[in-house]
Amino acid sequence: KNMAGETIEGIPVVASNENLYEVARMATLDEVFMFLPNTSTRQVKELIRNFELMGVTSHYSVDALDLNMKGRTVGNFAGYAVVTFCIQYVDYRRAIIKRTMDICGGLVGSLFTVLLTPFVALAIKLESKGPVFFAQTRIGKNGRRFKILKFRSMYLDAEERKKELMEQNEMKDGLMFKMEDDPRITKVGKFIRKTSIDELPQFFNVLIGDMSLVGTRPPTEDEFEKYEISYRRRMSITPGLTGMWQVKGRGKVFDFEDVVKMDLEYIDNWTLSLDVKILFQTVYVVLFGVGAK
């Protein structure tokens, strides 16, 4: 309605729909702010075009779209003006530093793996037939598939026997498989698992970018297929060789909900110093076998 001449919270109303442009044309006017939740897109476009003709900058309130949600930013995407919603935001400079750490760590770890491989390979071959390395499809960042590498610690029929052992799964909800004294694991496998030697080939995954030194545990395809929508957020970052769950819950956590909580705690509070802290804690866990199964 026409409220020209009145005030709203001390601010004078100087124009109505009828004389809006006439008043604007004559006023000292640099910028316009619009909050028009009940106005059609056509009308808003007309307002913006007319102010553009005057050379006046227009700002349209995102709150008028009733999208006042956490993690909102405004920018451009594929040539369109957009409102973007993202819970976690990683500064590109910190992301570059993290990737640099991964490359350096991946190089050192890969070199160490190459030097150790002949000895591990001999031990694996002497006990059981089959390849030295084990490759398995895992789910990485935002659903990307990749082949994770490990030293083989199980007998060749391990995947087939897993179905028979599901009833003995120690993880309550079945979204991860965890079993003490797993009969599929060889004697050499028990040793290299306890010392985390079986994980060393994953430094090659870190080096090529499938994984990071620190992140969340990459699930198998069958685990991923059972995920609820809220669980998928743990895959919103690059999976890690180690992580919050490995240093705080290894051998202690038997509920996948707790694993998710630890992963989201890491994601929501991520800093470079947290990565360094987890790496040092990982060294302690590996050296002293804390929680290792």
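In what follows, Ala, Val, Leu, Ile, Met, Phe, Trp, Tyr, Cys and Pro count as nonpolar, Asp, Glu, Lys and Arg as charged, and the others, Gly among them, as polar. The structure is a predicted model, in which local features need pLDDT of at least 70 and side-chain atom pairs count only at pLDDT 80 or more, while totals for chains, interfaces and linings use all residues. Residues are numbered from 1 along each chain as its sequence is written, and side-chain values use heavy atoms, with hydrogens and water left out.

By these classes, the lining of the second largest pocket has 20 nonpolar, four polar and four charged residues. A pocket is an open set of points on a 1 Å grid over the protein atoms alone, where a 1.4 Å probe fits and protein lies on both sides within 12 Å along at least five of seven lines, and its lining residues have an atom within 4 Å of a point. The second largest pocket holds about 1200 Å³ of space, and among its 28 lining residues Val-13, Ala-15, Leu-20, Phe-33 and Leu-36 are the closest to its centre.

Helix α9 belongs to another part of the picture. Its 13 residues, 256-268, should span 18 Å at 1.5 Å a residue, and this agrees with its end C-alpha atoms, which are 18 Å apart. Buried (under 20% relative accessible area, with a 1.4 Å probe and protein chains only) describes several residues of α9, including Phe-256, Val-260, Leu-264 and Ile-267.

A nonpolar core is a set of buried Ala, Val, Leu, Ile, Met, Phe, Trp, Tyr and Cys residues joined through side-chain atoms within 4.5 Å. The largest one has 39 residues, and Phe-151, Phe-256 and Tyr-266 are among those that touch the most other members. To this core α9 gives the most, with seven residues.

| Residue | Relative accessibility |
|---|---|
| Ser-153 | 6% |
| Leu-241 | 18% |

Ser-153 is found in the loop between β8 and α4 (158-165), and its contacts (heavy atoms within 4.5 Å), leaving aside neighbours within four places in sequence, include Arg-184, Thr-186 and Ile-192. Leu-241, by contrast, lies in strand β10, residues 240-242. Not counting residues up to four places away in sequence, Leu-241 touches Phe-203, Val-206 and Leu-213, among others. Although Leu-241 and Gly-215 are 26 residues apart in sequence, they are 6.9 Å apart in space, C-alpha to C-alpha.

Definitions and conventions: Helix = DSSP H or I, 4+ residues; strand = E, 2+ residues; numbered from the N terminus. Expected span 1.5 Å × (residues − 1). Buried < 20%, exposed > 50% of the residue type's maximum accessible area, 1.4 Å probe, protein only. Points joined across faces, edges and corners; volume = space filled by probe spheres on them.
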